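Hi,

Here's the structure I promised to pass on.

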Amino acid sequence: MKFLDQAKIYVRAGNGGAGAVSFRREKFIEFGGPDGGDGGRGGDVWIECVDGLNTLIDYRYQQHFKAGTGIHGMGRNRSGAKGKDVVLRVPVGTEILEEDNETLIADMTEVGQRLLLIRGGNGGFGNAQFKSSTNQAPRHANPGLEGQEKWIWLRLKLIADAGLVGLPNAGKSTFLASVSSAKPKIADYPFTTLHPNLGVVELDGRGFVLADIPGLIEGAHEGVGLGDRFLGHVERTRVLLHLVDGSGVEDPGDAYRIIRGELEAYGNGLDEKPEIVALSKADALSPELREERIASLAAACGRQPLILSSASRENVETALRMIIRAIDKDKQQAANEVPARPEEGWRP
């Protein structure tokens with residue numbers, strides 16, 4: 001359980017405290033009247049986005065969170081204190097969803113962002129609130145209201161600038177390890193990567209975050225293999241680097257079409273993201289076989305693919321510069337799409 005990106009938890013706000021029934025009893029004061037205080041409000045449930053977390057592992061071992069009950073009112077018009085709040089701390093990129101795991105409540109994308117998820121119950125009125133000219137000695141008070149409760153889903157989607165996609169054993173983890181300080185597990189068998197990995201890439205004084213997710217196979221959108229569960233971690237990326245194994249598959253064109261089909265089946269705009277296509281492990285290919293594989297991949301993707309080798313560093317920096325250009329272009333387009341704020345007219 002090194003990496004946990006989904007958790008279902010139960011949250012309950014605190015009940016309000018009950019109001020008090022009390023009367024003033026002091027020497028030489030014959031008709032003191034009611035002085036029961038109000039109950040305190042129940043504790044609220046908050047969600048806060050914090051720095052320093054990268055998984056939801058904390059919610060693997062505790063799934064129930066209940067805020068404190070408001071303190072009951074007391075005599076001498078003393079109101080009860082508010083119940084203790086519960087603050088759920090989540091990493092950047094966490095989505096909060098309803099129990100159906102589809103309805104989005106909030107998307108926590110910035111450190112320090114806070115959300116009031118459910119509010120505690122109101123405290124009950126003490127009998128001092130019910131006194132009137134016709135009822136000068138009320139002997140009843142209100143109980144506190146119950147707090148709200150619900151089941152929610154927490155779903156983490158890593159925030160990265162670029163994402164690596166491809167079939168298992170396409171060289172994604174090797175590429176990530178060669179361009180960053182990340183240490184993903186690398187082996188010569190499929191599904192070596194079982195959970196997403198992040199790496200910070202530095203080149204030409206620029207930096208960006210690169211995400212490597214477990215490989216997809218045909219039928220992943222139906223749950224085949226590891227399924228498409230981890231595709232959510234590249235939803236927020238600005239560009240995809242699609243690696244196609246040049247030495248392990250006979251037809252790179254078919255491998256490319258399989259992944260594109262899974263991206264389209266998943267939806268959420270993944271198939272519309274800018275894509276850089278690269279034929280990986282090119283160092284293991286003879287010149288004749290290299291030309292054959294390039295032609296197959298070019299026919300499938302409709303453009304000339306990049307020839308890439310993480311082992312020999314062939315075109316590695318070229319790929320990184322292409323990613324940086326795509327990130328800058330996407331940022332510029334996003335900035336142009338933001339509507340300008342209307343200028344306020346002159347005011348005396």
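What is the mean pLDDT of the protein chain, and what percentage of its residues reach 70 or more? The mean is 90, and 96% of the residues get to 70 or more, pLDDT being the predictor's confidence in each residue, from 0 to 100. Among the elements, H4 has the lowest mean at 90, while strand E3 (residues 64–66) has the highest at 97.

Some housekeeping. This is a predicted model, in which local features need pLDDT of at least 70 and side-chain atom pairs count only at pLDDT 80 or more, while totals for chains, interfaces and linings use all residues. Residues are numbered from 1 along each chain as its sequence is written, and side-chain values use heavy atoms, with hydrogens and water left out. Helices (H or I, at least four residues) and strands (E, at least two) are DSSP runs, numbered from the N terminus.

Now the sheet. Six strands make an open, mixed sheet in the order E10-E11-E9-E12-E13-E14; strands pair if DSSP finds at least two bridges between them. E10 and E14 (306–307) are at the edges with a single partner strand each, so one side of each has no neighbour in the sheet. E12 and E13 run parallel over six bridges, and Leu-243 sits opposite Ala-278 in E13.

Beyond its neighbours within four places in sequence, Tyr-256 is in contact (heavy atoms within 4.5 Å) with residues including His-242, Val-277, Leu-297 and Cys-301. Cys-301 is itself buried, at 11% relative accessible area; buried means under 20%, exposed over 50% and partly exposed in between, with a 1.4 Å probe and protein chains only.

Helix H1 (residues 172–179) buries Lys-172, Ser-173, Phe-175, Leu-176 and Val-179. Seen down the axis, these fall within an arc of 160° (from the directions of the axis to the C-beta atoms), so they line one face of the helix. Their cover includes E9, E10, E11, E12 and H4.

Finally, E5 (residues 94–97) and E6 (residues 104–108) form a hairpin with six residues between them, and Asn-101 in the turn has a positive phi of about 65°.

Cheers
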